[in-house]
Amino acid sequence: MLLLHDAICALTTPPGVSGIAVVRLSGEGIFDIAAQCFRSKTPLADVPSHTIHYGTWRIGTEAVDTVTVAVFRAPASYTGDDTLEISCHGGYFVAQQILSSLCAGGARIAEPGEFTKRAFLNGKMDLTQVESVAEIIHAASTSGSQIAARQLTGSLKRSVEELRSRLIRTCSLLELELDFAHEDIEFTDRSEINTLLDDCLRFCHTVRQTYHATELIKNGFKIGLMGFPNAGKSTLFNMLVGRERAITNPTPGTTRDYLEDAFEVNGFRVLLYDTAGIRESDDAIEVAGINLSRTVLAQCHAIIIVNDISLSADHSDDLMRYATEHYPDSERLLVQNKADLIAGASAYSGSGILLSALRSEGREELLRRITACVMNSMQPSQQFLINQRQSSLFANVEDSIRRSQESIANGMSGEFVTLDIRRAIDALGQISGERYDEEILNSIFANFCIGK
């Protein structure tokens, strides 16, 4: 791919009414383009990098706005090219007028993600950092944003580069041996190679384990509420999400469809589902709601069985058995709701979490248990945040490394060992972007907004 340096521009802040809007301009000739409209004490072409300048933006003789312009000279800029960031008053028209004047002066509107694409092509970041930028933009939780930000600083990049370098050195020594094959010389001990390959396998396995947790961070940890009609599921739903989201009524069967809302625990996003009460019914609409509830519950990572303890502490035992049988991969929590309706609730020592959703009594204990479930699932994600592309490539690395170890174990010559190590090196290069496929690259940047 040829490096592109023509001038591009875009609005980098959301359009609409706001206190400020920022227009980014990057590429060759941008100082001449901006000079056609920007008026200040000192021409932008004469100012040093990483400085901010106040002036007026004019189109012809007409003043459009007073603006500040931040100057970033190549290569010390986000894209690696000369870059200007023009801050004007927010709104629907001023930023568009500035963009129109820049295009009239010789720039063009940037494609989605083109600023970041240029940063990658100019060597300002590798592909793992590029993808972490997208994760930060689309983060739905505090933890997702924090882990993606840590990866943006190069945590995964450095680990991949170090591993790739070690494999390249080993492969080079093995290939050098081929030139002395007739002298039966070994430049590196096979046990040392196996140790390195074992280290590689452990690293890839550890990183791939984070993929499941990554999906939970991105899409949310799903919890379904399950119970008989009028057990208080909707009241509990409202208590957990912190607002009156579900309609509550003493009449059994109020919830016909499922409700979904989100809240955070310990920085992680939790998706909560209020489902229709499970019971036998002749009402076709209620039956459809119950069947839909079962489908929703099957997709949840945890299920809270809500029991009405005012009827009895074991009233929902059949539901607990049903959940254990049909949703074995889900965490299951039993909540003894409506504790406010029974005498001596404080002395209760049976199974389940004693709760009054109506009065929010027992809420902290339930949240503590939910947090434990979430953290157990998210724990492997604390170092890296990988996507499906990266996970597949790490799997390719593992397969190649195992084949090279089999070659060593079978006493095969170095050329067979290096063949698979080279494949592993190639896959690691695709992860970091040392080697990239044009189609894959375009698909990555297609998910970016235009201003990024």
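Select N230. Its relative accessibility is 32%, so N230 counts as partly exposed (buried is under 20% relative accessible area, exposed over 50%, partly exposed in between; 1.4 Å probe, protein chains only). N230 is not a glycine, yet its phi is positive, about 70°. N230 sits in the loop between β8 and α8 (233-241). Helices (H or I, at least four residues) and strands (E, at least two) are DSSP runs, numbered from the N terminus.

Two notes on the model: it is predicted, local features need pLDDT of at least 70, side-chain atom pairs count only at pLDDT 80 or more, and totals for chains, interfaces and linings use all residues. Residues are numbered from 1 along each chain as its sequence is written, and side-chain values use heavy atoms, with hydrogens and water left out.

Now go to K338. This residue, too, is other than glycine and has a positive phi, near 65°. Look for K338 in the loop between β12 (331-337) and β13 (353-354). Is K338 buried or exposed? At 16% relative accessibility, K338 counts as buried.

Next, select residues 268-274, strand β10. Six of its seven residues are buried, so β10 is largely enclosed by the rest of the structure. Show its partners (two strands pair if DSSP finds at least two bridges between them). Strand β8 (residues 221-227) runs parallel to β10, joined by five bridges. Pick G224: its bridge partner in β10 is Y273. Strand β9 (residues 259-265) runs antiparallel to β10, with seven bridges. There, E264 has R269 as its bridge partner in β10. Two residues separate the strands in the hairpin of β9 and β10, where N266 takes a positive phi near 55°.

Last stop: A74 and P75. A cis peptide bond joins them, with omega about 0°. P75 is in the loop between β5 (62-72) and β6 (83-88).
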